[in-house]
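Here is a short report on a protein model. Look at the chains before reading on.

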Amino acid sequence: MMYNRSIIHSPFSIRSKIFGLDLSLLFSILLLGIISIFAQFSSSGGVFDYYSKSHAIRFCVFFILFLIVSFTPIRFWHSTSFIIFTSLLLLLIFVKFYGIQSQGSRRWVNLFVINLQPSELMKIGIILFLSNYYHKISEGDVNKIRFLLYPVIAILAPFILVLSQPDLGTAILILLSGIAVTWLAGVRWKIFAYLSLLAIVTAPIAISFLKPYQKSRILTFLNPDSDPLGAGYQIIQSKIAIGSGGIFGKGFLNGTQAYLNFLPEKHTDFIFTLYSEEFGFVGSIFMVFLYFFITYRIIQIGNNTRSIFGKLYCFGFANAFFIYVAVNMSMVLGLLPIVGAPLPILSYGGSSMLAIMFGLGIVMSCNVYKNSTVG
Amino acid sequence: MLSFNSSNIASKTRTIGRRMFLLNSIKAVVLIGIFGRLATLQINQSTKYRSLADKNRFRETKFAAPRGIIEDFFGNEIASNTRIYQLHITPENTPDVDILLLRLKNLIDLSDKKITSIQKKISKQKRWETIIISDNLTWSEFSRLNLFLHELEGAQPVVSVARIYKDNSSAHAIGYVSEISPRDIRTKKYLKDINIAGIAIGKTGLESTLDEEMIGSPGFLRYEVNAYGKKIKQVSIEKGLKGKTFRTTLDSQVQIFSAKLLENVSGASCVMDIYNGDIISMVSSPAFNPNSFVHGINHQEWKGLLNDRDKPMINKAISGLYPPGSTIKTLTALSALENDVVSSKLVVKCKGFIDLHGERFHCWKKKGHGLVGMRTAIKQSCDVYFYEVSRKLGIDRLAATAKKFGLGEKVLEDYSEEKAGTVPNTKWKIKELGKNWYLGETLHSGIGQGYFLTTPLQLSLMTAQIANGGFKIKPRILIDENNKVSNLEKYLNHKNSTPGNVMPTNDQIFNFDLKPLFRNQENINLVKDAMFAATNEIGGTSYRSRHKNKNFMFAGKTGSSQIKRFTQEQRELEVKQSEISYLERDHAWFVAFAPVNNPRYAISVLVEHGGSGSKAAAPLASKIIKKVLERHQNRISQTDQTKGNVS
């Protein structure tokens, strides 16, 4: 892979770079980050403990990373996307054999400073790779079998690797993010139709391969009251917490469901439940709007960027970002089965936040360098 | 590196834009879905979920409210509440429960057996659940505990309230409380609603009858728990409502006096106001210590009470059934006179026995009384005279009179343990025993033997209704809130306020709506006069127990109810009651009213296996009568005071 040296000496001055930032997106992210620190603080029972502290530090560090990524020319990300994807794939393979095991799944790789979850980063990696790929090939080639092969492998390889960790939630998110990009690139309707049909037909077989806890989660989703103290406990308690928040919520640090530990996984997947219990319908709507606004800004940046890579990436990332939010919220609201899916930025978890901030950084880079071509 | 022309880019951009538009539409739909769901949960169903969240986090413990008090007529507390000292421990707060228990053993009375059972209980429950180590510590134990409390982490001295009874004299009348049993919960509905573990409830006597009203409304302790059930903080406390206080007609001084008097015998006494039916005293002996039950009676004491020959757990005044013996002769005579079977002038010759259809019926006096009239027959309790009277009267007419005077039925209705007794007649025998009535049985019944069974309370009521001139009264032990003055009392007040102005009987009945039990009041007066003679004239059966002081003079009738008929041999040898074995001795009765001139109280005393009424029962009754009459003025002024309060 070759690239032009001139991207290092970009023609853009610092000043124009700063003006190139999308300020509403930037402040939305900052606001979300600040809310997330308060939510983590509340989740720790109103003390600055290990969780809330490391969350705050992570957000600060990753926000700086976000700015650095933003100021790095989009050309650079375009040209390194294949390398990034390949390295992540190799990391996933490495994790498969040498990863740190915790609670029955092998997801983490020890990088000494941080225990990295490559699968989280892969959610961005797959979008980068596919955007790059479809940027390259001409529109006429998109639906040729030969050109379909690479994307299929690129999506299925990480999907299967992550699924085998096992981490159903992340695997599905990778799959959906990837498919969304191929869809944007113009792959034929029929292919998606056939794939959907295939998915429906093979679903029962796939379910038989699921781990018992995953199966019970799906059954529980269909009827949470079947086992209120066992598998259904999380959904029921989450609904109680959200419902009992009412219109205005119980107030900051006053969420009884969370404070008294009725709420499971309140730092990570169920952080929105905690927030919703304390700030009620009004707060929840505000949060949904904030996420929606961020998605909207990302799409706008995609619209304004000139390169196909930039557009595909921004749209792809917007879709992925929206899917993360929708899946997480639907899950805690009892609209979807419980699958491990963190809420972007709000949930505790370094890799997830790193991936999101990195992904947002590239979007911002698209905005800063919206008029540049990628080659 | 591939090259692109601008048309290619524009075409791709269009495709991407079109396809993105579709995805954005889906996003909008999902967004609406999430909005809708949030609105449903947080607006429409928020009440439901809020109550579910509260159900999650709040736990309530109920605790008993202070029990209602039982007072005597003068407002003295007979059954009251006292401060008790308890020791609770919470295993969670203790570094080592076993060491704590070992330390406690040195400070308070704690047996190894108890320690084992506590350890067992601790292992069964959650570590943060409190356990009661001792629920009735002495003050010295309690203060010792407080002194060493800093070394007893997890131990918690608690001050609580429990029932206490001043003395044993009213043990039967008041009853006792004890820890609720599964059976109580099954049988009593109000207890099911109250549902407090280990609450003390009334088991016998008034404690049982009035339990529902005295138990009060339980208090609530509401606290917050976390998901694991651990108590986080107390949220609220509702004190509950103290149970209702009841005032009884009892005079605790008379109770204590009577109980002391009956201490060494097995028996019962009952004193009643003859105008309003107030039960001034009701004592059964031997008594038990009701306080023993409050904190759980120990096995040995309980076994001792159950196996006692004299049955201390039975309230003999209302549940003990005994043939009335010669005390019934008052009613036999009355019944015969009222039914015009015999005239008061009937004279019978007593030669110590009569023969009837080949069966010999003996008089208690072997030599016989000679020629006796009705007054003498009652005074000396001549059996032969009453054989003759009852032979003419017949059992059915006697039974009718006995029933009218309150025998053979529950008269108080305030006690579940009260017994009705038996008033036999021909129908009764056919129904219960399936046999015809024999004339010989009439003769036995006429002197209160045979099938007749009565309680001391019934006989005091009988005597009261004779003493008050033959008017029906309703015995009572509880003073209702209105403290209604009975019609008979109104008449009494009227009579007292207009001395010398005697109202004709029919006017009395009409003006005061009285319920006469007689056809001719003269007959009642005749019986009363005979009872006067029995106590106050030489040769009377209770002459030796009389009071010479005019103020305390009483009129009474002795009685002894046969346990076993004397054999011919014993009769020949003139065996004395004291010479036969205890359990074969006759029960001794004495019924009386006092003071003689203007009666106010009726009394009955029973001494189980006391031998004869004149020797065993009458002396006791005599002393109780004196005590009651001494207390009369206090009672009257208390009555006036209460009335003043009411009006």
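Domain bounds here come from an automatic or database domain assignment. The model itself is predicted.

**Two domains in chain B**

Chain B splits into domain 1 (60-226 + 237-247) and domain 2 (252-646). The C-alpha centres of these two domains of chain B lie 43 Å apart. The domains also touch: 30 residues of domain 1 of chain B are in contact with 26 residues of domain 2 of chain B. Several elements give two or more residues to the domain 1 side of this contact, among them strand S4 (131-137), strand S5 (155-165) and helix H9 (205-209) of chain B. Sorted by class, that side has 13 nonpolar, eleven polar and six charged residues.

**Where chain B meets chain A**

The contact between the chains takes 39 residues from chain B and 40 residues from chain A. On the side of chain B, helix H1 (6-44) and helix H2 (46-57) each supply at least two residues. Which helix gives the most to this side? H1(B) does, with 23 residues.

The table sets out the classes of residue on the two sides described so far.

**One residue in helix H1**

B:Leu23 sits in helix H1 of chain B. Leaving out residues up to four places away in sequence, B:Leu23 touches A:Ala180 and A:Asn319. Now follow the chain to B:Leu461, 438 residues apart from B:Leu23. The C-alpha atoms of the two are separated by 98 Å.

Strands of a sheet pair through backbone hydrogen bonds, either parallel or antiparallel. In chain B, five strands form an open sheet in the order S12-S11-S19-S18-S17, with antiparallel pairing. Its edge strands are strand S12 (279-285) and strand S17 (555-561) of chain B, each of which pairs on one side only. From one strand to the next, the twist averages 10 degrees.

What does S17(B) pair with? Its partner is strand S18 (residues 587-594) of chain B, in the antiparallel sense and over seven bridges. Within S18(B), B:Ala592 stands opposite B:Gly556.

Definitions and conventions. Residues are numbered from 1 along each chain as its sequence is written. Chains are lettered from A and ligands numbered from 1 in the order in which they are written. This is a predicted model: local features need pLDDT of at least 70, side-chain atom pairs count only at pLDDT 80 or more; totals for chains, interfaces and linings use all residues. Two strands pair if DSSP finds at least two bridges between them. Helices (H or I, at least four residues) and strands (E, at least two) are DSSP runs, numbered from the N terminus. Axes are lines fitted to C-alpha atoms, for helices over the stretch in contact, and angles run from 0 to 180 degrees between N-to-C directions. Two residues are in contact if their C-beta atoms, placed from the backbone, lie within 7 Å. Ala, Val, Leu, Ile, Met, Phe, Trp, Tyr, Cys and Pro count as nonpolar, Asp, Glu, Lys and Arg as charged, and the others, Gly among them, as polar.
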